[in-house]
Amino acid sequence: MIESRRPSPFMRLPRAALAAALLFAAAGAAQALPSFSEVREGHRSSETELLSREGEVLQRQRTDASVRRGDWVALADISPALRTALVVSEDKRFYEHSGVDWAAVSSAAWGNLWNQRTRGASTITMQLAGLLDGDWRQGPGGRSVVQKLGQTVSAQVLDRRWRKDQILEAYLNLVPFRGEIVGIDALSRTLFGKAAHGLDAREAAIAAALVRAPNASPERVGRRACGVLQSLAPEDAAARDCTAMELLTASVLLRRQWAASEGQAPHLARRLLAEPQSKGQARVRSTLSAPVQRFAVQSLQQQLRELQGRNVEDGAIVVLDNATGEVLAWVGSSGELSQAAEVDGVTAMRQPGSTLKPFLYAQAIAERRLTAASLIEDSSAHIPTQNGLYIPQNYDRRFKGWVSARTALASSLNVPAVRTLVMVTPDAFFSQLQRLGLPLRESGGYHGFSLALGSAEVPLLQLTNAYRALANGGQLTPVRWAAAPAPAPAAVPKTQAKAGAAVQAIDARAAFIVGDILSDPMARAPTFGTDSVLATRFWSAVKTGTSKDMRDNWAVGWSQRYTVGVWVGNARGEAMHSVSGTSGAAPVWAAVMGFLHARTPSRAPKAPAGVLQQAVRFGPDSSGLPLESARSEWFVAGTQQSLFAMAGSGLPAASASTRGTSAASPVRIARPANGTILALDPDIPPDRQRVQLSARPSGTAATQEWQDASLRWRMVSAAPPGAAEPAPKEIGRGAAAAWMPWPGRHRLELVDAKGQVLDSVQVEVRGAGVVASRAGGR
């Protein structure tokens with residue numbers, strides 16, 4: 001029984017019309033086909049390479065999610081075994097025919113006539129024509145007669161225009177292999193984990209088998225690969241072991257060894273390649289220095305390995321060129337050591353700790369509130385705020401008494417920094433940090449006096465650039481990580497663009513003095529010692545910082561040419577165990593700085609106009625010894641003086657004004673502190689709760705004998721609005737007493753035998769359910 005078929009439109013045409021149609025198709029195909037050089041130059045990998053300033057590949061990043069395509073591979077760089085396997089499997093007479101294997105066409109036609117299954121007649125050249133021209137590409141229902149004719153003509157045109165090696169090379173780079181994998185480079189790296197030139201005979205057989213059936217089952221691909229291998233080596237006994245070949249094929253098809261991203265700078269690559277100017281580019285040049293980037297990664301990982309057991313696994317590094325603002329190193333994480341390697345520590349918001357102090361002291365010096373030699377009291381401070389009493393502490397929980405601003409900043413003392421912020425005010429300091437480009441989320445009033453100790457969150461990149469402003473005399477310019485193309489000589493503008501113009505974010509004189517302080521190893525000795533890791537063999541200025549509960553650890557500083565910022569911690573926010581600024585981030589900072597200046601000198605900057613140097617000496621402490629050794633100090637012109645001695649307590653004005661007592665008073669209230677807020681415990685009977693009161697001799701009476709038997713403690717409760725203030729009530733006697741509190745606002749007074757008020761403090765007691773008659777104290 002002969003099956004009736006609907007005749008093709010071409011079969012209805014007269015022979016002359018059919019010949020004309022073929023000639024038209026051939027002419028169109030010949031006109032549309034590109035040259036070999038056009039195809040090779042138009043090839044685009046699904047990966048984009050990030051290049052260093054030297055032209056080295058620092059990172060490979062996948063940027064096309066629709067297909068997996070590697071670089072173009074020259075035929076000479078493709079395994080000879082694969083070239084042979086492909087020709088044997090797909091087109092045995094490839095080097096003999098002129099693009100179309102007419103013998104194979106005749107064989108296929110004869111087989112179709114007698115319903116026999118034969119090998120397809122499509123040659124490598126014809127398949128390449130289909131890859132180059134979408135009109136001839138096979139659809140879900142196969143190719144139409146027109147498509148087959150067009151493909152045939154195009155293949156002959158290709159064979160006349162291109163050499164055989166060019167056809168084979170282009171085919172291997174354009175043919176789909178499996179799933180999203182296109183081209184031999186992607187196949188070799190994804191399934192075999194090697195370059196195309198390294199494929200052996202068995203791997204080449206698997207690759208050739210995938211060309212015929214890219215998405216076939218592993219069993220089918222393995223059987224076909226075994227047949228290809230037998231054709232390559234018919235006398236090899238191993239080639240006849242199809243079971244082993246099928247097992248190998250099954251394991252290979254499960255592999256995905258070509259990672260979506262690999263290299264030394266994944267975080268910057270993601271950021272830079274997402275920018276509009278990088279779209280569609282195969283290679284993007286950055287400002288990173290390959291040697292600096294590699295050393296920074298190595299130094300960070302080495303330090304974190306040495307800190308194993310201290311619950312620290314993440315870190316980040318930024319290296320900036322002081323003059324240009326170019327990013328020379330961008331290390332966003334510790335890589336394989338981290339459980340959150342995708343988080344970019346360079347841009348993540350973290351608490352900077354004491355690294356904000358240099359900007360605070362620079363502002364105070366610029367506003368002439370302080371000099372580098374000004375004395376600030378490092379002692380227990382109780383600062384009243386709207387949320388209660390703020391009691392700052394030093395890192396080592398110790399106080400050093402009266403110190404100069406130089407010592408306070410270099411030794412990173414917390415209490416003097418808070419006292420300085422009291423003078424500057426949190427809102428003014430917040431504005432200063434904003435001028436430095438720090439993207440603070442909350443206002444100065446939100447953070448209050450804790451802003452001096454780094455309670456706000458900032459990114460490492462902006463913090464490091466703010467330190468770069470200190471290195472550049474207070475001038476702030478943006479950082480840059482994309483290498484700008486060199487303009488033609490005629491296109492170079494006479495003036496720089498306004499977008500890159502410098503902004504004077506800090507007074508140049510104050511920036512110089514702060515840099516001199518942070519480079520002084522003797523000034524930091526009280527906290528860090530004289531042999532600190534922060535001391536370099538060349539000139540450098542550096543500041544460390546540790547956030548609350550040791551969650552973040554910082555070291556940021558600069559030399560004459562570079563600014564380096566390092567953060568160490570945990571991306572998940574967990575606290576580290578016994579990791580300080582000098583044991584966490586500082587060793588990495590010192591190592592990177594040492595690498596940068598292995599052959600490059602760094603000299604101290606010259607003093608700007610308006611700064612002068614003068615010899616200073618310091619007054620005695622309570623034991624009669626000088627508070628600090630005499631030295632030569634830098635001053636903003638007009639603020640210099642030769643002698644610095646204790647002139648006051650250094651307490652904030654708000655605290656001193658509420659006490660209303662003479663500075664000559666021989667006794668002060670030591671406890672409770674002014675502004676203390678107390679809360680009654682509801683689980684303890686009210687008559688069993690006590691507040692301890694204590695007095696101490698003031699500085700003027702510290703070496704004198706004083707009698708405490710005549711001291712009296714009085715309490716005055718706040719009256720309701722419009723009512724007269726109640727009379728003071730005595731609640732205790734002597735230098736120490738116990739007071740039974742009750743809710744309300746009270747003023748505690750310490751008086752002598754004559755009723756003269758020696759000192760007073762304001763306290764507030766909060767709690768409910770206390771009956772006034774039962775709470776009446778003495």
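**Reading the labels in this model**

The secondary structure of the chain comes to 25 helices and 31 strands. The model is predicted.

Me: Why is the link of Cys226 and Cys242 called a disulfide?
Reply: The sulfur atoms of Cys226 and Cys242 lie 2.0 Å apart. The cut-off is within 2.5 Å, so the pair qualifies. By this rule the chain has one disulfide. The pair links distant parts of the chain: Cys226 sits in helix α11 (residues 218-232) and Cys242 in helix α12 (residues 242-253), 16 residues apart.

Me: What kind of bond is a disulfide?
Reply: A covalent one, between the sulfur atoms of two cysteines.

Me: What is the hand of the link between Cys226 and Cys242?
Reply: Left-handed, with -75° about the S-S bond.

Me: Why is Cys226 called buried?
Reply: Its relative accessibility is 0%. Buried means under 20%, so Cys226 counts as buried.

Me: How do you know whether Cys242 is buried, partly exposed or exposed?
Reply: Cys242 has a relative accessible area of 26%. Buried needs under 20% and exposed needs over 50%. The value for Cys242 falls in between, so the residue is partly exposed.

Me: What makes Asn311 worth a look in the backbone?
Reply: Asn311 has a positive phi of about 55°, although it is not a glycine. Asn311 is in the loop between α14 (290-306) and β8 (314-321).

Me: Why is Asn311 classed as it is for accessibility?
Reply: Its relative accessibility is 28%.

Me: Why does Thr425 count as partly exposed?
Reply: Thr425 has 34% relative accessibility.

Me: Where is Pro672, and what is the peptide bond from Arg671 to Pro672?
Reply: Pro672 is found in the loop between β24 (667-671) and β25 (676-679). The bond from Arg671 is cis, with omega near 5°.

Me: How many residues of the chain count as buried, in percent?
Reply: Of the 778 residues, 48% count as buried.

Me: What part of the chain's contacts with a separation of 6 or more comes from residues 24 or more positions apart?
Reply: They account for 71% of those contacts.

Conventions
Residues are numbered from 1 along each chain as its sequence is written. This is a predicted model: local features need pLDDT of at least 70, side-chain atom pairs count only at pLDDT 80 or more; totals for chains, interfaces and linings use all residues. Side-chain values use heavy atoms; hydrogens and water are left out. Helices (H or I, at least four residues) and strands (E, at least two) are DSSP runs, numbered from the N terminus. Buried means under 20% relative accessible area, exposed over 50%, partly exposed in between (1.4 Å probe, protein chains only). Contact means heavy atoms within 4.5 Å.
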